[in-house]
Amino acid sequence: MLSTETRRYVGAYTTLLTPFAPSGALDEEALRRLVDFQIDNGVTRLCPNGVTGEAAALTDEEKLRITRICVDQAAGRAMVIPDIGTENLTRTLELAKEAEKLGADAVLAFTPYLDPPTERGLVAYFRKVADSVRIPLMMHNLPGRTTVDISPNQVAELASHPNIIGMKEGNQDIVRLRRVLHLVRDADFVVLAGNDFTALPTLLLGGHGHISVAANVMPRQSRSIVEAALAGDFATARDLYLKFAEFYRGIYFATNPIALKTAFSLAHFEVGDPRLPLTPLPQDRIGELETIMKDCELL
């Protein structure tokens, strides 16, 4: 059973890309425009500094600066939930505490990596992060990037922690997802799709929302899919989801967010190239992506 407070975290989210200037520096003006663009189009839950935001290419100082800009620009119009996870517990705790000071509404933390945690170590890690701040923590399960997968039983155990209010589920195994949703069905805990490909199945199985990559480009449409599914209008949700299914494929022509940044610049305004070791989308794929976007009425 979800509490009134936890229900605030039910719905549509965008995992924000990070705009860069031609010099490679953070483009603060473009970031502020991106925040306004999302809010103006109905998405009021924003997640900077995740994989889509090129977290691995950002310094800790840049992550905090991005968080500050998002909180400042949102000015209470949207929730800001930065991803503060790192491979190092001390760094993660410091980023979580600083994000709280900057006014973040909650924090996301993906699983530690490089030194794969033991089963008990992973549970202790998330408890330690949750205990370090007064704002809520959401776990971010992303085994495709971290090689660490939070088991359904671990999710159920951590869902009982009073300051762990949900998770962003990036594992695309639908059978596993059904098990997670079953185990936390009575907890005050939200399960959010963390992948555009599994967003609709997650919502149909009882998930509580979607933290979307594609929503950078199509926030209004992404919100409509989530809201239709949450309202039980699965036919509308399905039809909208299928309309943009090829776009979901297109933004993964290369490592996220390479193609996403190209798509956003084509549809809206310039957000720059990704930072090394990522490189811009090859020219031949840009044309293919543009065709897909026209077919989906995003251009």
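A residue is called buried here when its relative accessible area is under 20%, exposed when that area is over 50%, and partly exposed in between (1.4 Å probe, protein chains only). Thr202 sits in helix α9; helices (H or I, at least four residues) and strands (E, at least two) are DSSP runs, numbered from the N terminus. Leaving aside neighbours within four places in sequence, Thr202 is in contact (heavy atoms within 4.5 Å) with Leu177, Leu181, Ala193 and Gly207.

Some housekeeping before going on. This is a predicted model, in which local features need pLDDT of at least 70 and side-chain atom pairs count only at pLDDT 80 or more, while totals for chains, interfaces and linings use all residues. Residues are numbered from 1 along each chain as its sequence is written, and side-chain values use heavy atoms, with hydrogens and water left out.

Now step back to the whole protein. You are looking at 14 helices and eight strands, with C-alpha atoms that fill a box of roughly 45 × 45 × 35 Å along the principal axes. A compact globule of 299 residues would have a radius of gyration near 19 Å, and the protein's 18 Å agrees with that; the radius is taken over C-alpha atoms, and the globule rule is 2.2 Å times the number of residues to the power 0.38. Buried residues make up 57% of the 299. Of the contacts between residues at least 6 apart in sequence, 73% join residues at least 24 apart.

So what is on the inside? In soluble globular proteins, nonpolar side chains tend to be buried together. A nonpolar core, as used here, is a set of buried Ala, Val, Leu, Ile, Met, Phe, Trp, Tyr and Cys residues joined through side-chain atoms within 4.5 Å. The largest one has 54 residues, and Phe247, Phe264 and Leu289 have the most contacts inside it. Elements giving two or more residues to this core include α2 (28-40), α13 (258-267) and α14 (283-295), and the largest share, six residues, comes from α2. Follow Leu289 and, beyond its neighbours within four places, you find contacts with Phe247, Gly250, Ile251, Phe253, Ala259, Thr262, Ala263 and Leu281. Apart from this core lies another, of 32 residues, among them Val123, Leu137, Val148 and Leu181.

Next, the pockets. On a 1 Å grid over the protein atoms alone, a pocket is an open set of points where a 1.4 Å probe fits, with protein on both sides within 12 Å along at least five of seven lines, and lining residues have an atom within 4 Å of a point. Grid points are joined across faces, edges and corners, and a volume is the space filled by probe spheres set on the points. The largest pocket holds about 460 Å³. Its lining has 23 residues, and Val51, Ala55, Ala56, Ala57 and Arg145 are the closest to its centre. The second largest pocket has a volume of about 310 Å³; of its 20 lining residues, Leu142, Arg145, Gly194, Asn195 and Tyr252 are the closest to the centre.

Finally, look at Pro280, in the loop between α13 and α14. At 44% relative accessibility, Pro280 counts as partly exposed.
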